[in-house]
Amino acid sequence: MVSEHAAIISQELNLGKRQVASTLRLLNEGATIPFIARYRKEVTNGLDEVIIHTIAQRKEALEELDKRKAYILETIESQGALTPELRQRIEDSLDPLQVEDIFMPYRPKRRTKATVAREMGLEPLAKQIMAQTTDDARRLALPYLSDEVVDVDTALNGAQDIIAEWVSDNEKARAIVRSKYQRGAIITSKLVSEDKREEGSNYQNYFDFSEPLRLCASHRYLAMRRGESEGILKVSLNIDDAETSERLCRMFVRQRPGEDPEKVNQVAEVIRRAVKDGYRRLLRPSIETEIAQAAKEKSDTAAISMFADNVRQLLMAAPLGRKRVMGIDPGFNTGCKVACLDEQGNLLAHDIIFPTPPANDFYGATDTVCYLVDRYRIDAIAVGTGSGGRDTENFLRSIQYPRKITIYSVNEDGASIYSASEIARREFPDLDITIRSAVSIGRRLLDPLAELVKIEPRSIGVGQYQHDVNKAKLKESLDYTVSSCVNQVGVNVNTASRELLSYVSGIGPVLATNIVAYRAENGNFKSRQELMNVPRMGEKAFQQCAGFLRIPGASNPLDNTAVHPERYELIEQMAADMNTKVERLVNDKNLLHNIELDRYITKKTGLPTLTDIIQELEKPGRDPRERNDSIEFDDNIRGIEDLHLGMVLTGKVTNLTAFGVFVDIGLKCNGLIHISQLSDKFITSPADVVTVGQVVRVKVIDVDANRARIALTLKDVPQR
């Protein structure tokens, strides 16, 4: 089966069959995507993580199709209808829709009009009518009269119901109608009723909307479907029913040579009625549902991809580094919750200050903040972007601190979810829920990746319609994205939380729990090899995870690099050949550049792996994430009423969608840069121009205070 799947996938992706087969073999052996991409380049001939993930997804889809085919073949065979030709068609097909169309006539059905007609013994009559050997349908029906079939009309109506079902099940008929929908369907949305107009103001663009379905962008389709689910909109898909129905009639009604068009052909009329009924009652609804589902899946895929990209950018935001941080969860009536953290994110102290209305305790709050900054040697302050965030940040920037302080605005989406979670209760069982939020905000600045993995990714606050898409596919995509980020950065095994460790290649929740428990009982790990003492850490799991775990201060400096333990012996040989020790080889570019890599090439270790090793030894344990930038909003902008056209502001990108970019400019509502306002050049995605977390200069081009909407542009605005 691996060979068959490899041949299919290699052809679809234009890859070498041996490449794909080797990748499938590694996946079947339990190797993870990050491990294969990083440490098995010779086996896959250098396939990157994205391609390997695509291969893995296609492999799963083909396996599901194989299971479905097996069920279909078994079902048809149990009916005694499986011919060699039918078996061959099903086995050869790679199109799930085609397989289902072939299966349609044999699919177990609920009780239908056709079922009732068959029970009345009218199927032979339907076959005679479809044979179209005579024009007199009423004469054909006479032999079928009985206690149940009381007259000719009853017989013909029953036969018509059976023919209608045949039309609906016909593979070619389904293909014709499907093609009509794919090429010419119009999606239309209308306001359900006038009394919903105010309630559905967010959907006013779709109160009277229509466009070809094939041109409908994913965000518009999902918006309409959400409006429909909320009872605001009525959404429909339409094609030319008359033309399609007539096309099907021409397909099923046989035109005999020399037939008098003026003569009434009863058989043809029965078939025409059956075709139109089958199309209207059975075939059209079936295909419309199928097409709507396909459009939903396409839109889901686009939305999930956009969301995953945003999450990746957020997770890969630069950590602040080894600094002490004060996290502040802003608020008005309940005050601002303050948490002081050390370089590892451990809680040192917490308090509450009231610098904002209604208390306006500026002096008391200033004394408390300055005391905490001095007492705990705070280097940076992270202020949440929630209610009161702007006021709190302005207050903090007005203080003269006893030491140098940098102030950062931190997106707090999901912090409240974390603070009420089991994870937060386990970490801080005695802390108030609001203080936990302040801790989370501070930790997000210290290391966004390490903190955000504790929150369900779809609650992080980036993306587009993530609550409307397929939940299973969203979870799979986000789990892959988080895992990819975690393994790209690497994890300090002595400080990582259970949640962070669970995303490391080959570990998972159970082994992550065991690692944390072992660390708590035995102290910090001294070497990677010590991981083998952790319960349930077998050779396979160690192989998959070791290269992604870091141990700063280990006796072997390679334990704090991305070099896999299986290559330690090779590096020791390199050091010996250079008449030096591994400790000196690490981080000495002159020595590393003098190594003749060709000497160490073997069947298992090729130039790609050797190059990776040298790059890692040049900068051992390097963090691929970029530096973090602080942002200061314009103090003159307190509300949307302070904005005017042409004003240039500094903001931070908070979210990317298919239609544009949302930017935090220091107000309660974010501004929107439509995709057309991102660049003078044609772009296919906002990600071509900006990233989540990027600080940008924007110009105000429109303000709708009533709807709290701000339109911005990047065009003709110099970036710093």
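1. Two strands are taken as paired here if DSSP finds at least two bridges between them, and the helices (H or I, at least four residues) and strands (E, at least two) are themselves DSSP runs, numbered from the N terminus. The model is a predicted one, in which local features need pLDDT of at least 70 and side-chain atom pairs count only at pLDDT 80 or more, while totals for chains, interfaces and linings use all residues. Residues are numbered from 1 along each chain as its sequence is written, and side-chain values use heavy atoms, with hydrogens and water left out.

2. On the overall architecture, the protein holds 29 helices and 15 strands, and its C-alpha trace spans about 105 × 70 × 50 Å along the principal axes. Of the 720 residues, 50% are buried, where buried means under 20% relative accessible area, exposed over 50%, and partly exposed in between (1.4 Å probe, protein chains only). If one takes the contacts (heavy atoms within 4.5 Å) between residues at least 6 apart in sequence, 65% join residues that are at least 24 apart.

3. The accessible surface, computed by the Shrake-Rupley method with a 1.4 Å probe, amounts to about 35300 Å², and carbon and sulfur atoms account for 48% of that area. As to charge, Lys and Arg count as positive and Asp and Glu as negative, with His and the chain ends not counted, and each charge is placed at NZ of Lys, CZ of Arg, CG of Asp or CD of Glu. On that basis the protein has 97 positive and 104 negative charges, and their mean positions are 2 Å apart.

4. An open sheet of three strands has the order β2-β1-β3, with antiparallel pairing. Both β2 (208-212) and β3 (233-238) stand at the edges with a single partner strand each, so one side of each is left without a neighbour in the sheet. From one strand to the next the twist averages 15°, the axes being lines fitted to C-alpha atoms (for helices, over the stretch in contact), with angles that run from 0 to 180 degrees between N-to-C directions.

5. Within this sheet, β1 (residues 186-191) pairs with β2 in the antiparallel sense over five bridges, and Ile187 stands opposite Glu211 of β2. Helix α13 (residues 218-229) packs on the sheet, where it touches β1, β2 and β3, and the direction of α13 makes about 125° with that of β3.

6. Strands β13 (residues 671-674) and β15 (residues 709-713) run parallel and are joined by three bridges, with Gly671 having Ile710 in β15 as its bridge partner. By contrast, β14 (residues 695-704) pairs with β15 in the antiparallel sense over five bridges, and there Lys699 has Thr713 in β15 as its bridge partner. The hairpin formed by β14 and β15 has four residues between the strands, and Ala708 in the turn shows a positive phi of about 55°.

7. Leu714 deserves a separate entry: it lies in the segment after β15 and counts as buried at 11% relative accessibility. Although Leu714 and Leu678 are 36 residues apart along the chain, their C-alpha atoms are separated by 5.2 Å. Leaving aside residues up to four places away in sequence, Leu714 touches a set of residues that includes Ile673, Leu678, Val689, Val690, Val696, Val698 and Gln719.

8. Pro357 and Pro358 are joined by a cis peptide bond, with omega of about 5°. Asn360, placed in the loop between β6 and α16, has a positive phi of about 55° although it is not a glycine, and this residue is partly exposed, with a relative accessible area of 34%.

9. A further non-glycine residue with a positive phi is Arg377, for which the value is near 50°. Arg377 is found in the loop between α16 and β7 (380-384), and at 44% relative accessibility it counts as partly exposed.
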